[in-house]
Amino acid sequence: MDSLTHIVLGACVGEAFFEKGFGKKAMFWGALAQSIPDVDFIASFWLPTAENLLAHRGFTHSLLFVSLMIPALALTANAIHRPHNIRFRTWLLFFAAELLLHLFLDAFNNYGVGWFEPFHHLRFSFNTLYVADPFFSLVPGIAFIALLLLPKHSNRRKLWYVLGMAVPFLYLGYCIGNKIKTDRDVKQILEKQQIPHEQYFTTPAPLQNWLWYVVSGNDSGFYVGFRSVFDSKKEIDFQYFPRQDSLLNPVHDHAEVQLLKRFSQNFYTVEKWGDTLVFNDLRFGQIIGWSDPRGRFVFHYFLQHPDDNRLVVQRGRFAGWNRRTPQALWNRIRGN
């Protein structure tokens, strides 16, 4: 999830955990604890971009890191707030809940989370929530503001922290239902349209959970399309993108290329743009793909010009958006 969502949700959990008796300090510790795994952003200041892609949501999102941070944070909070009547076990449980919740939620996005780093490089991606979904984050955000403004002994605080936690998780359950329905429909469509699906995934298009981005294929290439939960026709207008792995032959042994392949979880294509090779990670979708079926992919990495790859994950996310784009997205969500 995005950092702001972690902060507001963490504050709501902190308020719920300690409730009355600890004031608003519990909100601060909750927001801080939820933010700790994202300290990996610091690595971007010195690591090359390809290495930083794997460092993000790597070790600092692992169970080992969490097991080290829980007692460290508990000892720190316990010392800062002396004298108090909070048992050390309570501190441990609180920070365990916050940190594990961060790791759990991040796994529902498409970036991937390295729960078992550094012992195993497997990344967990449930592809169920868009990384910044306002429908997930809005109520916790409102609850966070309400909790900041309300007096610490107000009876209305409980209502807000309950809403701040319950609504996003009810929405998550709804999103899981959308995921199950979409996968069921897409698998039937792949069989019907005879689309290879040795490699396959679905993930939400930007900012919502009703329009899903579909990728299916094999080592030769991938078919890309979109499926709305409101689509009535059992078909998808797929566009084919060949992998073109042979273009990597001159650089196949470069460490940068091997890192990109590992990061992409093998969902990639290669293109030639002018004088440079471009590595596309298909997991992050197309730029306005629901309007432009042949649109470029959000994640495109310039192999011959590595200095141009700053913010490679984000730079194409909203490129080309204008005031007509949301309407086009809404029209496609409504179904075919």
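Helices α1 and α2 are oblique to each other in this predicted model, because the angle between them is about 135 degrees. Roughly antiparallel would need an angle over 145 degrees. The axes of α1, residues 3–18, and α2, residues 25–35, are 7 Å apart. Their crossing is right-handed.

Which residues of α1 meet α2? On the α1 side they are His6, Ile7, Gly10, Ala11, Gly14, Glu15 and Phe18. On the α2 side they are Ala26, Met27, Gly30, Ala31, Gln34 and Ser35. Sorted by class, this contact has six nonpolar residues, six polar residues and one charged residue.

Phe18 leads on to the aromatic residues. The structure holds 38 aromatic pairs. In one of them, Phe18 and Phe94 have ring centres 5.0 Å apart and planes at 70 degrees, so that pair is edge-to-face. Phe18 sits in helix α1 and Phe94 in helix α5, so here the pair links distant parts of the chain, 76 residues apart. Both of these residues are buried.

A second pair is Trp273 with Phe302. Their ring planes are at 65 degrees and their centres 5.8 Å apart, so this pair is edge-to-face. Trp273 belongs to strand β5, residues 268–273, and Phe302 to strand β7, residues 297–302, so the pair ties together parts that are 29 residues apart in sequence. Trp273 and Phe302 are buried.

Phe18 and Phe94 also belong to one aromatic cluster.

Now the backbone. Most residues other than glycine have a negative phi, and most peptide bonds are trans. Some places in this model depart from that.

Where are the cis bonds? One runs from Arg82 to Pro83, with omega near -5 degrees. Pro83 is in the loop between α4, residues 63–80, and α5, residues 88–106. Another runs from Glu117 to Pro118, with omega near 0 degrees. Pro118 is in the loop between α5 and α6, the latter covering residues 134–149.

The loop between α5 and α6 also holds Asn127. Phi of Asn127 is positive, near 50 degrees. Gln194 has a positive phi too, near 55 degrees, and lies in the loop between α7, residues 157–192, and β1, residues 199–204.

Are these two residues buried or exposed? Asn127 is buried, because its relative accessible area is 11% and the cut-off is under 20%. Gln194 is exposed, because its relative accessible area is 71% and the cut-off is over 50%.

Technical notes: Residues numbered from 1 in each chain as written. Predicted model: local features only at pLDDT ≥ 70, side-chain atom pairs only at ≥ 80, totals over all residues. Heavy atoms only, no water. Axes fitted to C-alpha atoms, helices over the stretch in contact; angles between N-to-C directions. Helix = DSSP H or I, 4+ residues; strand = E, 2+ residues; numbered from the N terminus. Parallel < 35°, antiparallel > 145°, perpendicular 65-115°, else oblique. Left-handed = near helix turned anticlockwise from the far one by under 90°. Contact = heavy atoms within 4.5 Å. Nonpolar A, V, L, I, M, F, W, Y, C, P; charged D, E, K, R; others polar. Buried < 20%, exposed > 50% of the residue type's maximum accessible area, 1.4 Å probe, protein only. Phe/Tyr/Trp six-rings, centres within 6.5 Å; stacked < 30°, edge-to-face > 60°.
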